[in-house]
Every structure is written in structure tokens, then in C-alpha cells.
Amino acid sequence: MSAPGTLFIVATPIGNLADLSARARSTLAEVDLIAAEDTRHSGQMLAQFGIQTPLCALHEHNEAARVAELVGRLQGGARIALVSDAGTPLVSDPGYRLVAAAAAAGIAVVPVPGACAAIAALSVAGLATDRFAFEGFLPQRSAARRARLEVLAGESRTLVFYEAPHRIADTLADLAAAFGGTRAAVVARELTKLHESVYRGTLDELVLRAAGEANMARGEIVLVVAGAPATDGDDDAMVRQRDRLLGALLPVMPLSAAVDLVSEVTGLRRNRVYERALGLRRETGNTEDA
Ligand code: SAM
């Protein structure tokens, strides 16, 4: 039996063909087979680069059935590239089952990174990016979408959604209702393409713009929404830290000094820390300052 082959996960452009990296181009030209979400669509893109590698279809409807065959070929030594219609495969695109099966079979899975609409939008949104959550597509039905947004309303990380153009106005309205109209958000559309545009504002402002500007509902869209502002109540990790610190400090220093220190370290409001310190004292039956 020959040495196992390699599965390359190759990102392709999200609009501007110049974003296909030199490494992606040579990988796609050199592999034995390219598994593509839509062979016609990817075939046209590849033709523009003079790449004639054979293609096979791997999409959400045949992925489960195709995986065994592709893993068999990889085990036989084939070098296979996976591409999706645009951007990075597996990001709201097929490929997860193939990657999992190839990895389980001991096949090397190699990323050839490049464009991704979510990351491109984040990079220009001007919203916090130290922590973010990618939510993919929201449910299409209004009731399910609203229910999902209620769950996300307290999320403190920046949120990234993919959205269809004909739903953007409804989704912005649902977001304003669930998160409050003053939350900052960005609609990034047609990134890297001729009509690229980035709309910034509060959710209320974006709802108005969506109603007034037909262009906002055209093309491909990423929606980036600021996370919920942190409050004393919703950050469990911070609350646990507060209690640990108070538990350690109250026996060894005066209450007000412990409260000052804990408030300073955790960033929690002093009056809330003070209330909790009094509560802890009552719980332990120790009402005297250290
Ligand atoms: N795998 C792709 C990636 O890496 O971004 C995403 C595939 S997902 C099926 C397609 C969605 O990505 C579109 O509906 C849109 O929300 C977003 N998208 C793709 N290209 C885009 C672009 N050029 N500008 C804005 N959004 C884009």
C-alpha cells in the first residue's frame, strides 16, 4: 500500500480574484483532485487561473456519502484539495465530515488559509475583536430568529452573523428589539467587490438606513454587532473572583479596605461589592472588622 496522501483545505476569494494566494494557486494546480461545493462555479474560477485539475462535487447533500470514497483515495496516496464556493471551507460551508474522517484515518490535513468574509468584516468593523463569537446564519423564521437573539442579548463578545440580503432589514429590526437600539453594529456588504460598502451606526440608525437605502439589501452581507456592556450581574467568572477575594481578605483586613481592593481588582461597582461583603459576613456570623 502506498503512503497516505494529504487533504488540503484551500481558501478561495470572496469576490476579488487577486485574493487567491500564490500557495493556494500552486496547491490547486498540483493536487490530483479538487473536491468543490459546486464544480461549475469553482471550475470557472479555476479556469481563470489556467488550472485544469479534475473536480468532484462535495456539498451538504452528498458529503456523508462521498467521505468514505475520498478518504479511501487519500489512503491510497492521493493529494486532494477541498474548496467551497467562496472563502474558507467549513466556515458556514461543507467539509467538516471530510476533515473529521480524514483526521481519524491518520491523513494529514493541511490548511491553505486565505479570505473569510467573517474575518474581513471584523477587520474593518471597528468593534472590539479581542473576543468575538461567530454565529453563522440566524434562523430564517422570525419567531426562531427572535428566540435566538434573546439568548444572545447578554453576550459580551462581539457577534458576527452571515445574513441573506432580503432578510437584513427584518434582522436589524429584530436585533434592535432584542439588544436595544443603541447597540453599535456594522453591515459589511460585497466585501472585496466593486460595490463594497460598510454601514456603521447604532442598530436603530441601521434600521432606518435599511428602510431608506435599497442598496443595503443587495449582495452578500456580514453583520457585526457589539457585545453587551459588562455589568456586575452577568459576568459569572468575575462574580466568582469577587467572592474568592472577599473570602480571603475579610478575615485579615477591615471590611472597607477589602471592598476597595476587590472593587479595584475586579472592576465591579464598589456598592455591589460592599453589599456582598456584608452578606458574606452575615453568612459566616462574623460581624467584626479584622
Ligand atoms: N466560507 C465562506 C467564508 O469563508 O466567508 C462563507 C460561506 S457562507 C455559505 C456565504 C455567506 O458569507 C454569504 O451569505 C454572506 O453572508 C457571507 N459572504 C460571503 N462573501 C461575502 C462578501 N464578499 N461580502 C460580504 N459577505 C460575504
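Between which two elements does the loop that holds His-166 lie? His-166 is found in the loop that joins β7 (158–163) to α7 (168–179). The model described here is predicted.

## Domain organisation

The domain assignment divides the chain into domain 1 (6–115), domain 2 (118–225) and domain 3 (236–284). The centres of domain 2 and domain 3, taken over C-alpha atoms, are separated by 38 Å.

His-166 is exposed because its relative accessible area of 61% is over 50%. The C-alpha atom of His-166 lies 5.9 Å from that of Ala-217, although the two residues are 51 positions apart along the chain.

Thr-171 belongs to helix α7. Its relative accessibility is 0%, so Thr-171 counts as buried. When residues up to four places away in sequence are left out, the contacts of Thr-171 are Leu-138, Arg-145, Glu-163 and Leu-223.

## Packing of α9 against α10

Helix α9 (residues 236–249) packs against helix α10 (residues 255–266) at an angle of about 150°, and the two axes are 10 Å apart. The angle therefore makes α9 roughly antiparallel to α10, since the cut-off for that class is over 145 degrees. The crossing of α9 over α10 is right-handed.

On the α9 side, the contact is formed by Met-238, Gln-241, Arg-242, Leu-245, Leu-246 and Leu-249. On the α10 side, the residues are Ala-258, Leu-261, Val-262, Val-265 and Thr-266. Classified by residue type, this contact between α9 and α10 comprises eight nonpolar, two polar and one charged residues.

## Packing of α9 against α11

Helix α9 also packs against helix α11 (residues 270–284), here at an angle of about 55° and with the axes 10 Å apart. With that angle, α9 is therefore oblique to α11. The crossing of α9 and α11 is right-handed.

Arg-242, Asp-243 and Leu-246 are the α9 residues in this contact, and Val-273, Arg-276, Ala-277 and Leu-280 are those of α11. By class, four nonpolar, no polar and three charged residues make up the contact of α9 with α11. Arg-242 and Leu-246 are named in the contact with α11 and also in the contact with α10.

## Met-238 in α9

Met-238 is located in helix α9. The residue is classed as partly exposed because its relative accessible area is 23%, a value between the limits of 20% and 50%.

Leaving aside residues up to four places away in sequence, Met-238 touches Thr-266 and Leu-268.

## Positive phi values in two loops

Ser-92 has a phi near 55°, which is a positive value in a residue other than glycine. The residue sits in the loop between β4 (79–83) and α4 (96–104). Ser-92 has a relative accessible area of 34% and is therefore partly exposed.

Glu-190 likewise has a positive phi, near 55°, and is a residue other than glycine. Its place is in the loop between β8 (184–189) and β9 (197–202). Is Glu-190 buried or exposed? Glu-190 counts as buried because its relative accessibility is 13%, and buried means under 20%.

Terms used
Residues are numbered from 1 along each chain as its sequence is written. This is a predicted model: local features need pLDDT of at least 70, side-chain atom pairs count only at pLDDT 80 or more; totals for chains, interfaces and linings use all residues. Side-chain values use heavy atoms; hydrogens and water are left out. Domain bounds come from an automatic or database domain assignment. Axes are lines fitted to C-alpha atoms, for helices over the stretch in contact, and angles run from 0 to 180 degrees between N-to-C directions. Helices (H or I, at least four residues) and strands (E, at least two) are DSSP runs, numbered from the N terminus. Angles under 35 degrees count as roughly parallel, over 145 as roughly antiparallel, 65 to 115 as roughly perpendicular and the rest as oblique. A crossing is left-handed if the near helix is turned anticlockwise from the far one by less than a right angle, and right-handed if clockwise. Contact means heavy atoms within 4.5 Å. Ala, Val, Leu, Ile, Met, Phe, Trp, Tyr, Cys and Pro count as nonpolar, Asp, Glu, Lys and Arg as charged, and the others, Gly among them, as polar. Buried means under 20% relative accessible area, exposed over 50%, partly exposed in between (1.4 Å probe, protein chains only).
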